[in-house]
Amino acid sequence: MAEALKTGKPVRDAQAIAERPDGTRFPFIPFPTLLYDSSGKLVGAVNMLVDISVQKQGKHVFRHYSAIVESSNDAIISKDLNGIIQTWNRAAERMFGYAAEEIVGKSILTIIPEERHHEENLILGKIRAGERLEHYETVRQHKNGTLIDLSLTVSPVKDENGQIVGASKIARDISEKKRNERLLALQRQRLEILNRVAVEISRDLNLERIVQTATDLATEVTGAEFGSFFYNVEDDKGEWYMLYALSGVPRSAFEKFPMPRNTAVFGPTFKGEGVVRSDDIRQDPRYGKNAPYYGMPEGHLPVVSYLAVPVTSSGGEVHGGLFFGHSRPGVFTEDTEALVSAIAAQAAVAMDNAHLHRAAQTEIEERKRAEAGRELLLQEIKHRVKNTLATVQAMAAQTFREAPPTERRAFVERLQALAEAHDLLIQKNWVPANVQETIERAVAPFRDGREERVAASGPAVELPPNKALLVAMFLHELGTNAVKYGALSQFSGKVDLCWRQERGPDRPLLVLEWRESGGPPVAPPARQGFGTRMIERALKGEGGAAQFDFLSSGLACTMRIALDPAQ
């Protein structure tokens, strides 16, 4: 007031603070107005004080709100009901690439992709109805054309009368979230595809079905116009040749063309050197280098995008390759390559199993044929031996016609023992026989229904067929003599038969001991019998020996039979 009266000018836009009687203070704006009389002389002034406490508070809130808006990482935009942008914060500049002076006053459609323009009408419709949109996920466009995944929250803006005059929009960039979601979805899809491939091909051992299934599934997931699987097969004669499976095109599309060769383009695949992927194989420096076609033959399916993946076994053998083509460029991506490589790995395992199964089936068939042939041979041998022994028996009957009956019977019994030994070996397919079984079969006729008459014990030893025959003949001779003259000629007599292995000077020995007891007294014979001579000579011929001791308690015989070094 004093300044206005002193200067003669009204004071405007000044602020001051007043204090009430209770000591509280408040800001105000003075509006001193000068008073003049009729002659125009300054005679005084009138002052109006306006309390601006509320306005002060509002400006503070506005400044605080503005600071939040400007520092936010989210784009905060306001627009009127015609979609014209009114405000644009720094985050919006960073997110969309437009400075505030470029975009304020323009339509919000500037940042909306054309195919999504219809969304703006839907949003404004909800705003006019007083509705708020929460976390509306959509796509908007950067100044450079890049698309941005956003989550929008849009709220109505009202004037001082409560009328809706526009909208405020908070846009949050969720591109990374969407990218992660897409990666997870892609990973899930890959796992589902690989699981499907594994289920389809792992349960089959047929090579043709395995490669066809792998080709069909891989062609489907790559989006190729056609796919093929060229692979090597070994026939029954051990010769290798190439077959192929197709998907997406009829077989007639390839029948008139020769099989692919180790050219500059195909070579890396058939050699297992790695994956070949090209957005346009015609531009590849390796393309068109080999005669006679120098590229694709006339009439060949158009191939621009090209992908080839070798199928290699766990042992490093290249089974073949998966090949895919498309008439458009840039169809196959790194993700496609990774997926097909995984399918190729599973196909390789399935093919390994199919080859093993086929080899096993071939071996089984060969074994069956060998077993059948061996069985036929053994039966023939058995028949021949029996016929030979029968002939010998008939000839002996004629020769010993004048001999005593006991001698004729002894000879026949020896022939029967030999036949029994041959039967045992034929049942064992003429492979090494167990000494326990050989002895049990040889002494069975002498036990006379009483197991304790002949007790046999010893370790498990395998006898070559010729040695098993010797043991059977020896025991027959000893048993026959024991029944006639020795321990088994009396009910109280018995035989203890035991065996063991010993280390010989150059190879192992089977030591077989025969001890009689409980029979009549024995004495050394006046002359050596035929059986004794036969045993001694046969053992000597096989690198062994026999020792006979005629003890008062009974005969004791120790035989040493040389075994093969492997025994």
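**Entry 1: an antiparallel sheet.** I note at the start that this model is predicted. I looked up an open sheet and found five strands in the order β7-β6-β10-β9-β8. Their pairing is antiparallel. I reminded myself that strands of a sheet pair through backbone hydrogen bonds, either parallel or antiparallel. I then asked which strands form the edges. They are β7, residues 85-88, and β8, residues 133-141. Each of these pairs on one side only. From one strand to the next, the twist averages 30 degrees.

**Entry 2: the pairs around β10.** I checked how β9 meets β10 and counted nine bridges, with the strands running antiparallel. I picked out two partners across this pair. Ser155 has Ser168 in β10 as its bridge partner. Pro156 faces Ala167 in β10. Next I looked at β6 and β10. They pair over six bridges, also in the antiparallel sense. Here I found Ile76 opposite Ile170 in β10.

**Entry 3: a helix on the sheet.** Which strands does helix α5 lie across? I found β6, β8, β9 and β10. The helix covers residues 118-128, and β6 covers 75-80. Helix α5 runs at about 155 degrees to β8.

**Entry 4: a salt bridge.** I searched the whole structure for salt bridges, and the search gave 16. I took one of them for a closer look: Glu120 with Lys79. Their closest N and O atoms are 2.7 Å apart. Where do the two residues sit? Glu120 is in helix α5 and Lys79 is in strand β6. They are 41 residues apart, and the pair links distant parts of the chain. I note that helix α5 also lies across β6.

**Entry 5: a cavity.** Rolling a probe the size of a water molecule over the atoms shows where empty space is left. I asked how many cavities of 30 Å³ or more a search of the whole structure finds. The count is one. The largest cavity has a volume of about 30 Å³. I listed its lining: Ile77, Phe96, Ile108, Ile111, Ile112, Arg140, Leu150, Leu152, Lys169 and Ala171. The elements that give two or more residues to this lining are β9, residues 147-158, and β10, residues 164-173. I then sorted the lining by class. It has eight nonpolar residues, two charged ones and no polar ones.

**Entry 6: a mixed sheet.** Five strands form it, in the order β17-β19-β20-β22-β21. The pairing in this sheet is mixed. Its edge strands are β17, residues 454-457, and β21, and each pairs on one side only. Neighbouring strands are turned by 15 degrees against each other on average, with direction ignored.

**Entry 7: the pairs around β22.** I followed β21, residues 545-551, to β22, residues 554-562. A hairpin of two residues joins β21 to β22. The two strands pair over seven bridges in the antiparallel sense. Asp549 has Ala556 in β22 as its bridge partner. Strand β20, residues 508-517, is joined to β22 by seven bridges, and these strands run antiparallel. Across that pair, Glu513 stands opposite Thr558 in β22.

Entry 8: Last, I looked up helix α12, residues 435-443. Helix α12 lies across β17, β19 and β20. It runs at about 155 degrees to β19, which covers residues 494-503.

Methods: Residues are numbered from 1 along each chain as its sequence is written. This is a predicted model: local features need pLDDT of at least 70, side-chain atom pairs count only at pLDDT 80 or more; totals for chains, interfaces and linings use all residues. Side-chain values use heavy atoms; hydrogens and water are left out. On a 1 Å grid over the protein atoms alone, a cavity is a set of points where a 1.4 Å probe fits but cannot get out, and a pocket is an open set with protein on both sides within 12 Å along at least five of seven lines; lining residues have an atom within 4 Å of a point. Grid points are joined across faces, edges and corners, and a volume is the space filled by probe spheres set on the points. Helices (H or I, at least four residues) and strands (E, at least two) are DSSP runs, numbered from the N terminus. Ala, Val, Leu, Ile, Met, Phe, Trp, Tyr, Cys and Pro count as nonpolar, Asp, Glu, Lys and Arg as charged, and the others, Gly among them, as polar. Two strands pair if DSSP finds at least two bridges between them. Axes are lines fitted to C-alpha atoms, for helices over the stretch in contact, and angles run from 0 to 180 degrees between N-to-C directions. Contact means heavy atoms within 4.5 Å. A salt bridge is a side-chain nitrogen of Lys or Arg within 4 Å of a carboxyl oxygen of Asp or Glu.
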